[in-house]
Amino acid sequence: CDYCEIPEYAIPSAGTQIAQPAIENAGKSVDEEAEKMLESYIGKEYLAILDFNSKLPRLILDDESYYLDSIDAPFYNFILDHPLYHHSTLDCKLKNYYAFSIDENHCKYIQNFYPHIKAVYQVALGAENVISLENLQEKKKSILIMGTYRNPDIYMKQIYNMNKYAEKNMLVMLEKLENDNEMTVENALKCIINNSNIEKDSFPLILNKYYLVEMYYRNYYRKKMVDALVNTGFHIDIAGEWWESYDKINSPNVIWNKAVRFDKSYELIAGYRAMADSSPFFKGGVHDRVYAGIANYTAVMTDYNDYRNRCLQDIVQMYGQECNYEEICQKTDMMMNNDTFYKEMTQKAYEEYMNNLKKTRKNAIVTKLNDLAREIPTITKDIYISVLKKYENDDLSIPFEVIESELSDFEKEMRKKYDEYLESQKQEEIEEILPDVTKEEPVEAEEDSDNFEDTIFGAPKMEEEKDI
């Protein structure tokens with residue numbers, strides 16, 4: 001496993017908010033050190049390449065082939081934002097392209113409009129517990145707000161400066177988003193052009209050009225939520241970029257710090273009694289900071305939609321899209337000033353987190369054992385069950401890396417036994433075809449006791465032995 005950390009600006013972006021095909025930026029150069037780093041992987045083989053909001057798909061070699069196609073490995077692009085912002089990378093026709101997203105609607109969008117991507121999986125970013133019950137009293141009694149902010153008025157002005165056709169379409173999209181809490185930005189566009197003769201390939205490019213709608217939408221409602229808390233006098237700590245454009249950033253009850261790295265976000269979230277989240281662009285997913293709060297006894301309030309209500313009912317506070325001041329402040333007051341409510345909600349949320357973690361680990365173990373049992377007939381039912389029982393009372397005290405190592409050792413042992421069995425079968429075949437020089441009467445061979453009928457998935461046929 002190689003870890004390659006390339007500086008954010010070492011690879012040039014499209015150079016504009018509007019996506020451009022990678023080939024149109026062929027004249028742009030990669031930072032010299034980053035280029036040397038990337039060249040070191042050409043021609044190598046890996047199980048997979050994983051990157052987040054990656055620029056790598058856009059990299060082109062001198063022969064105009066894609067850089068990632070020069071590495072023998074499937075590429076997984078983990079899209080953490082709406083895919084409309086990543087059109088120029090998702091549109092690259094890599095030979096072995098896969099994607100992850102935390103939102104089920106975004107997965108469907110990628111599958112529909114980028115068919116060259118072989119598969120798209122919904123995967124929620126995990127959370128880590130970094131605080132113990134003994135340290136809960138040390139939590140800061142302010143409300144943490146994380147994320148970026150840009151003044152929504154800027155985007156509205158840009159919308160009004162577009163041509164009349166685009167301006168009208170974007171204003172209609174915003175109206176549909178405002179009137180329907182479950183409406184996605186892509187469905188808002190579909191409502192407008194549903195009866196048009198637009199080609200399917202053109203849709204993601206149009207949505208990308210209408211990015212102003214999504215940017216206005218997310219920042220407008222984020223501002224409404226924060227305004228409700230600031231105006232009511234709650235103490236707010238903000239961690240994120242570009243909040244200098246927020247008109248209340250200098251209020252006495254507001255403290256603003258720059259964003260922290262992802263690997264430091266758990267400690268930051270764990271240090272607060274409550275966190276307020278605004279992510280209206282995820283209609284079919286949950287932002288990772290919500291799960292981080294749940295895992296660290298931090299009371300969480302986020303915006304409501306049907307998907308989150310199914311996943312998070314009774315373990316987080318949720319407010320309506322209209323960002324009603326009274327509703328937001330009432331729920332925030334419960335989290336901040338009602339100790340009984342706070343303890344009950346965060347304890348229930350933490351228990352839900354632990355139960356889900358146990359299920360995830362158990363599913364991973366069962367999947368691994370099933371895969372091995374299908375491949376290796378020496379894994380009998382008794383062996384399979386004995387290994388599974390070893391982990392059935394998982395209390396999470398054993399790091400999963402240890403369990404993975406134990407399963408790897410088990411796999412090596414079982415494969416060795418199976419290889420020994422195959423070798424013994426070949427030896428018996430050799431002995432059967434040797435000429436009989438003893439002149440003794442043939443003795444009927446005893447039934448082979450080393451058979452694999454007692455397996456989970458049955459033994460492979462011997463004629464298939466050559467393929468093993």
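## Contacts and the nonpolar cores

Contact here means that heavy atoms lie within 4.5 Å of one another. In this predicted model, and leaving aside residues up to four places away in sequence, isoleucine 236 touches Ile143, Ile145, Leu229, Val230, Asn253, Val254 and Ile255. Together with Leu229, Ile236 touches the most other members of the largest nonpolar core, which holds 103 residues; the element that gives the most to this core is helix α8 (residues 211-232), with 12 residues.

Apart from this core lies another, of 16 residues, among them Ile379, Leu407, Phe410 and Leu422. In soluble globular proteins, nonpolar side chains tend to be buried together.

## The parallel sheet and its helices

Six strands form an open sheet with parallel pairing, in the order β7-β6-β5-β8-β9-β10. Its edges are β7 (254-257) and β10 (317-319), each of which pairs on one side only, and neighbouring strands are turned against each other by 20° on average, direction ignored.

Helix α13 (residues 339-375), by comparison, lies across β8, β9 and β10 and runs at about 80° to β9.

## Isoleucine 315

Isoleucine 315 is found in the loop between α11 (306-312) and β10.

Not counting residues up to four places away in sequence, isoleucine 315 touches Ile294, Met345, Lys348, Ala349 and Glu352. For lysine 348, which is 33 residues away from isoleucine 315 along the chain, the separation of the two C-alpha atoms is 6.3 Å.

## Helix α3 and its surroundings

Helix α3 (residues 104-113) has as its buried residues His106, Cys107, Tyr109, Ile110 and Phe113. Seen down the axis of α3, these residues fall within an arc of 160°, so they line one face of the helix. The elements that cover them include β2 (75-79), α2 (87-90), β3 (97-101), β4 (119-122), α6 (185-193) and α7 (203-209).

The N-terminal end of α3 is capped by aspartate 103, of which a side-chain oxygen lies 2.7 Å from the backbone nitrogen of asparagine 105.

Conventions
Residues are numbered from 1 along each chain as its sequence is written. This is a predicted model: local features need pLDDT of at least 70, side-chain atom pairs count only at pLDDT 80 or more; totals for chains, interfaces and linings use all residues. Side-chain values use heavy atoms; hydrogens and water are left out. Buried means under 20% relative accessible area, exposed over 50%, partly exposed in between (1.4 Å probe, protein chains only). Helices (H or I, at least four residues) and strands (E, at least two) are DSSP runs, numbered from the N terminus. The arc is that of the directions from the helix axis to the C-beta atoms. A polar contact is a pair of N or O atoms within 3.5 Å; within protein, one must be able to donate a hydrogen and the other to accept it, and residues adjacent in sequence count only if both atoms are side-chain atoms. Two strands pair if DSSP finds at least two bridges between them. Axes are lines fitted to C-alpha atoms, for helices over the stretch in contact, and angles run from 0 to 180 degrees between N-to-C directions. A nonpolar core is a set of buried Ala, Val, Leu, Ile, Met, Phe, Trp, Tyr and Cys residues joined through side-chain atoms within 4.5 Å.
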